[in-house]
Amino acid sequence: MKDKKEYVLTKEILDSLRSIDGFPIGKDEDIIALSDPPFYTACPNPWIGEFIEMYGTPYDPNDGYNREPFSADVSEGKNDPIYMAHSYHTKVPHKAIMRYILHYTKPGDIVFDGFCGTGMTGVAAQMCGCPDPEFKEKIEKEMPEVEWGARRAILCDLSPAATFIAYNYNNPVDSDEFEREAKRILEEVKAECGWMYETNHLLEDNDILNTESNREIITGKIEYVVWSDAYYCPSCSNEFIYWDSAVDFKHSEVKKEFNCSICGSIIKKAEFDKVLTTTFDHSLNEVINYPKRVPVRIVYSVKYRNKIKKIIKEPDENDISLLNKIDSLSIPYFHPTIPILFKEENWGDIWRKGTHLGLTRVHHFYTKRNLFIISAFLAKIDKIDNKGLKNSIKCILTSFIQRNGYIGNRFVINEHNPNGRINGPLLGTLYIPALMCEQNILELFQSKFLDILNIHRRKQNSDVIIQTSSNSKLNIIENTVDYIFTDPPFGANIMYSEVNFLWESWLKVFTNQKTEAIINKTQEKSIDDYKELMKSCFSKNFFILKPNRWITIEFHNSSNNVWIAIQEAMQKSGFIIADVRILDKKSGTIKQSSTLGAVKQDLIISAYKPSTVLEQTFTLTAGTEEGVWTFIDEHLKHLPVVVEKEGIIETIAERQNYLLFDRMVAFHVQRGITVPISSAEFYAGLAQRYPERDTMYFLPEQVEGYDSARLQAHDVGQLSIFVHDERSAVQWLRQELATPQTYQEIQPAFLRQLHQDSHEALPELSDVLEENFLKDDQGKWYVPNPSKTSDLEKIRERSLLREFGTYVQGKGKLKLFRSEAVRAGFAKAWKERDYGTIVSVGKRLPPKVLQEDDQLLMYFDNAVMRGGE
């Protein structure tokens with residue numbers, strides 16, 4: 001792009017952007033001060049169009065692009081210096097992202113991440129052009145056809161804190177100049193505030209020859225101070241210091257319960273209240289009630305005779321006098337004093353009386369000493385003229401002001417740490433411990449300065465552009481992005497705007513919560529609101545992505561209904577899921593997910609935007625059997641052909657008939673089109689049109705590659721299927737009965753796998769076998785051939801529809817039912833455009849069941865949209 005000096009963010013430009021969803025909360029001058037146009041704005045970025053025009057390539061339907069889903073193991077640790085330079089609630093290692101970018105793109109392509117967090121996708125895109133030698137060698141062995149070269153990236157996040165960190169991870173800064181300025185500022189603050197971390201050390205007798213009466217006192221440097229909360233006994237209201245009662249150095253533990261020193265009653269931490277003390281708040285110029293917290297231990301170091309020694313002591317009179325002196329000071333520099341989340345109390349879903357009582361303002365989350373020194377650092381940093389350099393040094397502060405720099409640091413003692421140590425704060429929350437460690441800010445700055453310096457010492461380009469806005473409203477034109485990698489928010493796990501509030505208070509620009517995609521009681525956002533927000537985001541992602549290109553989603557799943565919401569949001573936006581894998585954190589590997597509605601681990605989701613050819617052809621053949629096979633032809637092209645690990649070929653769930661049927665149905669329903677064939681007709685047609693191998697279906701041109709790999713492999717691995725309802729039971733039996741077995745042989749194994757859903761009226765095993773399988777002359781059950789499968793499906797469907805008919809006639813909530821009967825009934829009603837039946841029965845289902853069953857939810861939501869109520 002042009003010379004950066006020509007780009008100026010003005011109030012007039014902000015006025016033109018203010019109506020865009022996700023425009024941050026803050027004064028115009030603060031948004032402008034934080035931004036560094038054109039590559040970073042703390043608001044929607046008006047120069048993204050120019051960035052795409054300069055670096056992007058127009059969509060060409062004949063470009064020959066063809067990729068399978070990336071299905072290799074990804075195991076990258078989180079101890080890389082770049083990764084560790086700045087903390088955040090969730091981060092994906094950039095080297096893991098590099099694998100996906102290298103697989104799906106070529107040098108110069110544009111990569112997008114709409115939930116960018118700290119900007120690791122941008123780092124990964126740039127480092128594809130300058131990989132570490134060791135990593136480069138490793139990748140070339142795994143991916144022989146890899147094309148090295150930097151990619152460009154567009155990054156977006158709703159949080160100004162996130163985009164500020166992302167900007168500093170991706171903004172090229174002269175490392176020598178950064179080092180000089182950071183050291184200069186550190187020395188200035190040390191000169192002004194270094195005395196605040198000093199403590200007296202009395203030399204021991206063996207240190208000197210003097211007598212005890214003349215022992216020498218030297219100055220030690222405080223590393224951290226342990227503070228303890230004070231509480232009231234619930235029985236006698238006696239005030240006590242938690243440290244004195246709970247910490248047991250003899251047994252290396254913090255007691256969960258103990259006796260009151262006055263009344264002797266047994267008390268537990270959950271049962272007592274904090275002591276609030278009256279104190280004068282110089283920042284507010286008023287008297288406040290603040291939690292009583294006392295210093296109980298000082299860990300410091302002394303240098304004597306060229307040796308550095310670490311010492312532990314209880315605070316003495318001089319230490320208390322020092323703290324009193326600091327508390328009496330008025331801080332002459334800016335520091336945030338606003339109420340948490342702009343409210344005085346009950347400020348969000350992470351507010352808890354037990355830990356946050358009395359903490360109503362931002363500055364209450366810091367000790368007076370650390371608040372003073374952080375403010376001094378910020379004042380000196382803000383005097384730097386070069387904005388890029390200024391922000392990169394300010395990034396040193398943000399790396400610790402919401403981690404080791406505030407009162408969330410925990411003191412722990414256990415058998416591995418009998419003398420106790422700092423354990424850092426809990427991530428993803430603002431938990432305040434009863435035993436808090438106050439760290440030396442000067443030491444933190446020096447340590448984190450070296451970490452941030454590592455970022456700037458690597459080779460960087462100005463090929464990443466960043467904006468602060470909602471992912472659902474992007475100022476990016478259609479079909480311009482080559483690939484999307486993203487790690488979206490996951491339901492109610494982390495309240496980003498709440499936990500980012502401390503960061504953003506120092507930056508003076510705040511998250512606009514209106515379009516924040518989370519489940520949050522305070523914001524009155526339910527699972528349905530979350531689903532709609534995610535749908536808006538994915539719809540915009542679908543719009544900007546080129547047809548026939550890929551989106552990869554890493555999703556930290558915590559509940560089935562959140563995963564179903566994500567899956568439905570993707571399908572409604574137009575994406576077609578081609579591969580779902582489970583990230584095994586313990587072994588660092590990725591395994592295929594076979595039960596898409598029942599996962600509790602991290603997911604790697606691969607989906608694609610249909611090609612223009614498919615959309616055009618399908619439009620002409622919609623609602624016909626030809627349209628069904630047009631979709632299957634396209635879908636099979638996007639599925640992996642062979643996934644082999646250690647000589648074992650994986651069974652690819654997406655290539656099995658039931659999932660192919662599900663994807664086909666979803667493709668029709670999400671477009672409001674009648675599904676023209678039944679499952680029985682689909683299965684029969686699938687067997688007639690496509691080669692089948694090991695229960696998987698392939699295009700004719702794909703099967704040769706699979707056969708070749710199959711001959712060289714040791715075996716074909718089985719999918720691990722969790723039996724929880726009728727459908728998963730049939731899937732499991734299809735796999736097990738690849739070798740015919742009698743009822744007596746199959747029943748014990750079936751019972752071991754059975755974990756029946758509470759609402760599921762699961763038929764007996766004998767009935768499931770009768771309805772779905774055949775028995776030979778020796779009494780062994782086996783999987784029927786395709787022609788017989790069709791007949792069985794028709795018989796079974798009639799039975800299921802009869803069962804569904806009883807649900808339609810009934811009244812009241814359905815507590816026990818066959819989910820397969822509801823699915824069959826919904827499918828028939830959809831075909832007949834009887835949307836009212838779908839909605840009326842759907843309303844009688846337990847809400848949790850509807851939310852956690854992707855097919856039922858898909859039919860219900862689309863029926864509602866089409867006038868079913």
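Reply: Thr-515 lies in the loop that runs between α17 (501-507) and α18 (527-544). Helices here are DSSP runs of H or I with at least four residues, strands are runs of E with at least two, and both are numbered from the N terminus. The model is a predicted one, in which local features need pLDDT of at least 70 and side-chain atom pairs count only at pLDDT 80 or more, while totals for chains, interfaces and linings use all residues. Residues are numbered from 1 along each chain as its sequence is written, and side-chain values use heavy atoms, with hydrogens and water left out.

Thr-515 has a relative accessible area of 11% and is therefore buried (under 20% relative accessible area; exposed is over 50%, partly exposed in between, with a 1.4 Å probe and protein chains only). Apart from residues up to four places away in sequence, Thr-515 is in contact (heavy atoms within 4.5 Å) with Asp-21, Gly-22, Leu-158, Ser-470, Lys-525 and Leu-533. Ile-564 is 49 residues from Thr-515 along the chain, and their C-alpha atoms are 20 Å apart.

Another loop residue is Thr-90, between α4 (81-84) and α5 (94-104). Thr-90 counts as buried because its relative accessibility is 17%. Its side chain makes a polar contact of 3.3 Å with that of Tyr-496. A polar contact is a pair of N or O atoms within 3.5 Å; within protein, one must be able to donate a hydrogen and the other to accept it, and residues adjacent in sequence count only if both atoms are side-chain atoms. Beyond its neighbours within four places in sequence, Thr-90 touches Asp-487, Phe-490, Ile-494 and Tyr-496.

Arg-818 sits in the loop between α28 (786-809) and α29 (819-831). With 9% relative accessibility, Arg-818 is buried. The Arg-818 side chain has polar contacts with the side chain of Glu-726, at 2.5 Å, and with the side chain of Glu-771, at 3.3 Å. Residues up to four places away in sequence aside, the contacts of Arg-818 include Glu-760, Ala-761, Pro-763 and Tyr-807.

Helix α3 (residues 48-55) has Ile-48, Phe-51, Ile-52 and Tyr-55 buried. Viewed down the axis of α3, these buried residues fall within an arc of 95°, so they line one face of the helix; the arc is that of the directions from the helix axis to the C-beta atoms. Against the buried residues of α3 pack the strands β1 (110-113), β2 (152-157) and β18 (464-468).
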